[in-house]
Amino acid sequence: MVEPQSTAQRKTVKEPIVNDFSMAVATVNGSGSQTSNLALIRALFRMGIPVSGKNLFPSNIQGLPTWFMIRVSAEGYTARRDTVELLVAMNQDTFAEDLMDLVQGGVCFYADHFAVQRERSDVVYYPMPVRRLVKEVDPPKELRDYIVNMCYVGVVAEMLGIELTEICGALDTHFKGKRGAVDLNMRMIESAATWAHENLTKRDPYLVKRDEQTRDMVMIDGNTAAALGAIYGGMSFTSWYPITPASSLVDALEEYLPQLRKDKETGKATYVVIQAEDELAAIGMVVGAGWVGARAMTSTSGPGISLMAEFVGLAFFAEIPVVIWDVQRMGPSTGLPTRTSQGDVLFIRYLGHGDTRQVMLIPGSISECFEFGWRAFDLAERLQTPIFVLSDLDMGKNLWMSETFSYPDHPLDRGKVLSAEDLDRLDEFARYRDVDGDGITYRTLPGTEHPLAAYFTRGTGHTDQAIYSERPEDWEANLMRLWRKLETAREYLPTPQIHHMEEACIGLIAYGSTDPAIQEARDRLAVQGVPTDYLRIRAVPFAHEIEVFIREHDIVYVIEMNTDGQMHQLLQLEVPDQSTKIHSLTINNGLPMSPRWVFEAVRSHDGV
Amino acid sequence: MVTHSKTKVIRNKKLNRVGLSKVDYKGRPTTLCQGCGHNSISSQIIAACYEMSIKPEQVIKLSGIGCSSKSPTYFLGNSHGFNSLHGRMPSIATGAVLANTTLKAIGISGDGDTASIGIGQFIHLLRRNVPMVYIVENNGVYGLTKGQFSATADKDLELKKVGVNPFMPVDVCMEALIANCGFVSRSFAGDPKQVKELIKAALSFNGTAVIDIISPCVTFNNRGESTQSYSWSRAHKYPLHDITWVPKREEIDVTYKPGEVTEVSMHDGSTLTLRKLERDYDPTNRFDALQLLDEAYRAHILVTGLIYFNEEQPALPDIEDMVEIPLAYLPESTLRPSEESLKQVMETFR
């Protein structure tokens, strides 16, 4: 271990900038840099400093450039900052470009064997003798490529003041306590830190200092949160097909299900996870399992949703509870599989031919990924319809700080299901009869031992007794009841989150992963004398509060990451007489939304 | 010929062992064409379930889209049914069966539903060995859309509306064999006794049991030159054996000459007796089965019976190693882990 006082603390720098910068780590994908980046970000988090990480990666296994962005913010901001103050250049091919992206006075750590030009004179350079340092530590040959990246962890830690004990703790979390792996990596990190301590002079102002802002928080990605939510929501059946960026949601299911949901006595599973042959089969199995009474879900992204369209229409019409996670990526078509977007809003809202309207939940934080993860099953069984949960790549795949998840605050809602005993009390059972007037009808599960229990599920027109019918009045009555059911749905769905500022006449509406960018931009706008109110949509069909919010404001901006202003269009349909004052602000470049863009978009549109 | 025990014959006149009469196994009146092979198959499903004393509530009926897929409405009115999407019944069945492994699934499909639009899901159903009866009501044409060729139509067959079919047919049984299906059979709707015994055997099988039944379309494909017509099938059918399914509790009380009968023990303790007819045939050899089908195709004969049997492959629920209570009926105490466990998981993300 190096001596407690690091280079960063020892050397005096004019006007230090503490806990406020963005660092880009440029590497080649498949080089194992992920562990290094996670060690850095988690160590910062463990030091109590607000931090966020965004992985900009290619759709490729090995050899293409990738960037990991770490933002440190004393103010607690976690959105993507579109300036880079510190660069760790571990990819010779992108060095020149990466260097140009640095702010004036920025810092560049780079491997000293790179044949590169230091084309900027306004940047502080710290060359690192990566090869020599690795040689000295002499790791096993097969691990050498991974260990190389630990060099920059050691040097950066030393120069910024990141505590090595916390890096060790972060590695312990990452390797789940595997001592050998932690020790080997720490040897490299310590050796690099010692070298930096002895050989580098601090010439930049950037520092980190221990804080207490992350106490009681965790650092986790949205897909893992969603999987945990599903597990605590009683998910008993998952079928899926691999697709970026949704696969890691099922990876997390597979990781946590055995420890959380195996029968304690027999060791047998209380769930099934099936990797299907395609998304058609994945959703088909989920519909079959939901029909029989399992809590069934799938997880996919845009192209998978396209394939699921026909089955989703069937599940909507035959009224079968299923949960579908859409971790959105950039479309159309294959699009940008590893870049984020909110482009599936309109597609999903009306997914299915004929008149279909789908219910969507839109988590705007990691803890909401967990919460909607379990709540979605209650809603699916209560409403007997597909429940879509719209996440996105940024939320699903990146590491976020989050408050610890709250345990579900009410028991499972299994909805209107009639048992054999219930049927004994009733004289008749009609599957699609609106007994309660809320549009939600009663169902029986296959296998219910009662002569009244059986009914025939079909995608064709049917009477309230589920018998095939082409009669116009049967068709219309059934569709009208479905709309009634969707009206009822509004009562059960999460209401929007609304934040006010004094004297605000501008209303901002957004949803999903852009929340941190909107919040930060609002602070900056307020400083400029532009207070705003902000409503974050959490579900569609819309809650009544959304219409009220629109009516209360002189001008409303709907801010989203797609080109067409998809939520904007839905809102204009919802409140047509207000449509001229609802404006669309969109950006759709594949990157997580930045506060600066929001700030400038609102300011320039508003003429402030 | 195997005879059933006398007590059962008497009982069958009225109520079966679960106290139901044959009427209790009926469905709604058929809306298919008069003489459609599918109706005959529905009748044999009713008879088989009645004779096996299966409770209708324990059965789920699944289908895709097409004439064949309409037929689950016409049998077992007290069973839950699901008329799903074209070619996608296998995925519905996979989810349904896993969600409640106590249910017996009967899937009804057609040649378009299985061999055209649904060939992918069909193969993967077999690959996973989902326990269910999978009946293909095979007539070579699309009926509801008025007479187009399906993927099983004869090469060079000429139909009034669509002309001559230039493509080789897909053989459902061959596909099943290639996909490692452990119960591959073929029958003819005009041979109700064999259809019924095969359905019983299929219901006793732990895995996907495929019954490919030539079920002529009287409206669009029933001319004598078609291998899917009544007249051709009657004239060219070649049963491999005389099949009888014998329930668990009954003794096989007829003695046979050596080599005359093959007995196959089923998963549920029942027995299938295959009495030799003209040729020796061993249904446990997959390559012989493929060869048989190839020879039959070349010789223009309709081989019927149990073509291949292998119950050694585990069925999907056996692989998944689930708790005994069906997933659909798990209580909250099982479905939702404790609050304490969530706290522990949270600690690992510090």
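User: How many residues of chain A are in contact with chain B?

Analyst: In this predicted model, 57 residues of chain A are in contact with 49 residues of chain B. Two residues are in contact if their C-beta atoms, placed from the backbone, lie within 7 Å. Being a prediction, the model has its local features stated only at pLDDT of at least 70 and side-chain atom pairs counted only at pLDDT 80 or more, while totals for chains, interfaces and linings use all residues. Residues are numbered from 1 along each chain as its sequence is written, and chains are lettered from A and ligands numbered from 1 in the order in which they are written.

User: Why is H10(A) called oblique to H4(B)?

Analyst: The axes of helix H10 (residues 279–292) of chain A and helix H4 (residues 89–99) of chain B cross at roughly 40 degrees and come within 6 Å. Axes are lines fitted to C-alpha atoms, for helices over the stretch in contact, and angles run from 0 to 180 degrees between N-to-C directions. Angles under 35 degrees count as roughly parallel, over 145 as roughly antiparallel, 65 to 115 as roughly perpendicular and the rest as oblique. H10(A) is therefore oblique to H4(B).

User: Which residues of H10(A) and H4(B) meet?

Analyst: Among them are A:Leu280, A:Gly284 and A:Trp291 in H10(A), and B:Ile92, B:Gly95 and B:Leu98 in H4(B). The contact has 13 nonpolar, five polar and no charged residues.

User: What makes H8(A) mostly covered?

Analyst: Eleven of its eleven residues are buried, including A:Gly222, A:Leu228 and A:Tyr232. A residue is buried if 20 or more other C-beta atoms lie within 10 Å of its own, exposed if 12 or fewer, and partly exposed in between, with C-beta atoms placed from the backbone.

User: Why is H8(A) called oblique to H9(A)?

Analyst: H8(A) and helix H9 (residues 247–260) of chain A pack at about 45 degrees, with their axes 8 Å apart. That angle makes H8(A) oblique to H9(A). The contact includes A:Asn223 and A:Ala227 of H8(A) and A:Leu253 and A:Tyr256 of H9(A). By class, it has eleven nonpolar, three polar and no charged residues.

User: How do you know that the radius of gyration of chain A agrees with a compact globule?

Analyst: The radius is taken over C-alpha atoms, and the globule rule is 2.2 Å times the number of residues to the power 0.38. For 608 residues a compact globule would have a radius near 25 Å; chain A has 27 Å, which agrees. Buried residues make up 54% of chain A.

User: What does chain B contain, and why is it called as compact as a globular protein of its length?

Analyst: Chain B has 13 helices and 15 strands. Its radius of gyration is 21 Å, close to the 20 Å that the globule rule gives for 350 residues, so chain B is as compact as a globular protein of that length.

Key
Helices (H or I, at least four residues) and strands (E, at least two) are DSSP runs, numbered from the N terminus. Ala, Val, Leu, Ile, Met, Phe, Trp, Tyr, Cys and Pro count as nonpolar, Asp, Glu, Lys and Arg as charged, and the others, Gly among them, as polar.
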